[in-house]
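Dear colleague,

Please find below the sequence and structure that I am handing over to you. A summary of the findings follows directly after it.

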Amino acid sequence: MSAGGSLKKVLASAVVVGVTEARAKIFGHILNPTGQRSAHKVLRKKLIGDKVAEWYPYDIKNDDPLIKSREEEERLLKLEMLKRRGKGPPKKGQGRRAVKRNK
């Protein structure tokens, strides 16, 4: 009787394994009988790079060198005005941190 019982268990486990393999094949699942960690869950997700890129409109300023040079020119003019008023950036080694260190 014990031999018949063990044979039933072996057959039942084989059927269960066969069913799970067939189900995985049909539905495109990955079998992981050992239960080890894998990156399949992460790799299965859709890539979102295109979605994120759609949020930001296309910036024509990057293509046109005239716009870039005009922006740079405006920046330099503003910096010059600030320097004339004494509000420009300090020379290297003359900033707040250097002044604190010398006290």
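The side chains of E80 and R84 are joined by a salt bridge, with N and O 3.5 Å apart; a salt bridge here is a side-chain nitrogen of Lys or Arg within 4 Å of a carboxyl oxygen of Asp or Glu. Because E80 and R84 are 4 residues apart in helix α4, about one helical turn separates them. E80 is partly exposed, at 42% relative accessibility, whereas R84 is exposed, at 64%. In these terms, buried means under 20% relative accessible area, exposed over 50%, and partly exposed in between (1.4 Å probe, protein chains only).

Please note that this is a predicted model, in which local features need pLDDT of at least 70 and side-chain atom pairs count only at pLDDT 80 or more, while totals for chains, interfaces and linings use all residues. Residues are numbered from 1 along each chain as its sequence is written, and side-chain values use heavy atoms, with hydrogens and water left out.

By the rule above, the count comes to 2 salt bridges. E72 also forms one, with R75, where the closest N and O atoms are 2.8 Å apart. Both residues belong to helix α4 and lie 3 residues apart, about one turn of the helix. E72 is partly exposed at 36% relative accessibility, and R75 is partly exposed at 45%. Helices are DSSP runs (H or I, at least four residues), numbered from the N terminus.

Two surface patches may also interest you. Patches consist of residues with over 30% relative accessible area and no salt bridge; like charges are joined within 9 Å, and nonpolar side chains (Val, Leu, Ile, Met, Phe, Trp, Tyr) within 5 Å. I48, V52, W55 and Y56 make up a nonpolar patch with about 540 Å² of accessible area together, areas being computed by the Shrake-Rupley method with a 1.4 Å probe. Y56 sits in the loop between α3 (49-55) and α4 and is exposed, with a relative accessible area of 60%.

A patch of positive charge is formed on the surface by R96, R97, K100 and R101; Lys and Arg count as positive. R101 is located in helix α5 (residues 96-102) and is exposed, at 63% relative accessibility.

As to confidence, the mean pLDDT of the protein is 86, and 95% of its residues reach 70 or more; pLDDT is the predictor's confidence in each residue, from 0 to 100. Confidence is highest in helix α4 (residues 65-84), at a mean of 92, and lowest in α5, at 81.

Yours sincerely

Conventions: Charge placed at Lys NZ, Arg CZ, Asp CG, Glu CD. Helix = DSSP H or I, 4+ residues; strand = E, 2+ residues; numbered from the N terminus.
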